[in-house]
Amino acid sequence: VNFEALIIAMSVVGGTLLIMLGVCCCCCCCKKKSKKQVSRGAFLSTRPDKDDERAAREREKRRVRQEERRAEMKSRHDEIRRKYGTV
């Protein structure tokens, strides 16, 4: 039996198992962090966390900017239509 190949194969299998274990631990930790529990874990928090609030503020800013751009483009198009008499 080729012991060098056996040692390499065992190293690869061991490394793969360690990586899988690390990924599983990270996933479990992330799930626990995302579930903010209130009063000994009995109920889930109904209050959105900071990331959700930040995302909502950014969405609102983008929506306002888009509306401003839309109004600007509409006024520009109306000016062009008036200039060329297509209104």
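What pattern does the chain follow, read along the sequence? The pattern is α-β-β-α. That comes from two helices and two strands. Helices here are DSSP runs of H or I with at least four residues, strands are runs of E with at least two, and both are numbered from the N terminus.

Some ground rules. This is a predicted model, where local features need pLDDT of at least 70 and side-chain atom pairs count only at pLDDT 80 or more, while totals for chains, interfaces and linings use all residues. Residues are numbered from 1 along each chain as its sequence is written, and side-chain values use heavy atoms, with hydrogens and water left out.

Confidence next. pLDDT is the predictor's confidence in each residue, from 0 to 100. The chain averages 84. Of the residues, 80% score at least 70. Where is confidence lowest, and where is it highest? The lowest is strand S1, residues 37-38, at a mean of 46. The highest is H2, at 94. Over residues 38-44 the pLDDT is below 50. Beyond near neighbours in sequence, that stretch has six contacts in the model, a contact being heavy atoms within 4.5 Å.

Now helix H2. It covers residues 50-84, which is 35 residues. The expected span is 1.5 Å times one less than the number of residues, so H2 should span 51 Å. Its end C-alpha atoms are 51 Å apart, which agrees. After H2 comes Gly85, with a positive phi near 70°.

How much of the chain is buried? Buried residues make up 0% of the 87 residues. Buried means under 20% relative accessible area, exposed means over 50%, and partly exposed is in between, with a 1.4 Å probe and protein chains only. The accessible surface of the chain is about 8,500 Å². Carbon and sulfur atoms hold 62% of that. These areas come from the Shrake-Rupley method with a 1.4 Å probe; for residues, only the protein chains shown count as cover.

There is a nonpolar patch on the surface. Its members are Phe3, Leu6, Ile7 and Met10, with about 460 Å² of accessible area together. Patches take residues with over 30% relative accessible area and no salt bridge; like charges are joined within 9 Å, and nonpolar side chains (Val, Leu, Ile, Met, Phe, Trp, Tyr) within 5 Å. Leu6 sits in helix H1, residues 3-34. Its relative accessible area is 43%, so Leu6 is partly exposed.

Last topic: charges. Side chains of opposite charge can pair when their charged atoms come close. A salt bridge here is a side-chain nitrogen of Lys or Arg within 4 Å of a carboxyl oxygen of Asp or Glu. The whole structure has six.

Take Arg54 and Asp51. Their side chains meet in a salt bridge, 3.4 Å from N to O. They are three residues apart in helix H2, so about one helical turn separates them. Arg54 is partly exposed, at 42%.

Which residues are linked in a network of salt bridges? Glu60, Arg63 and Glu67 are. Arg63 to Glu60 has its closest N and O atoms 2.3 Å apart. Arg63 to Glu67 comes in at 2.5 Å, N to O. Glu60 is three residues from Arg63 in H2. Glu67 is four residues from Arg63, about one turn of the helix. Arg63 is partly exposed at 39%, Glu60 at 38% and Glu67 at 41%.
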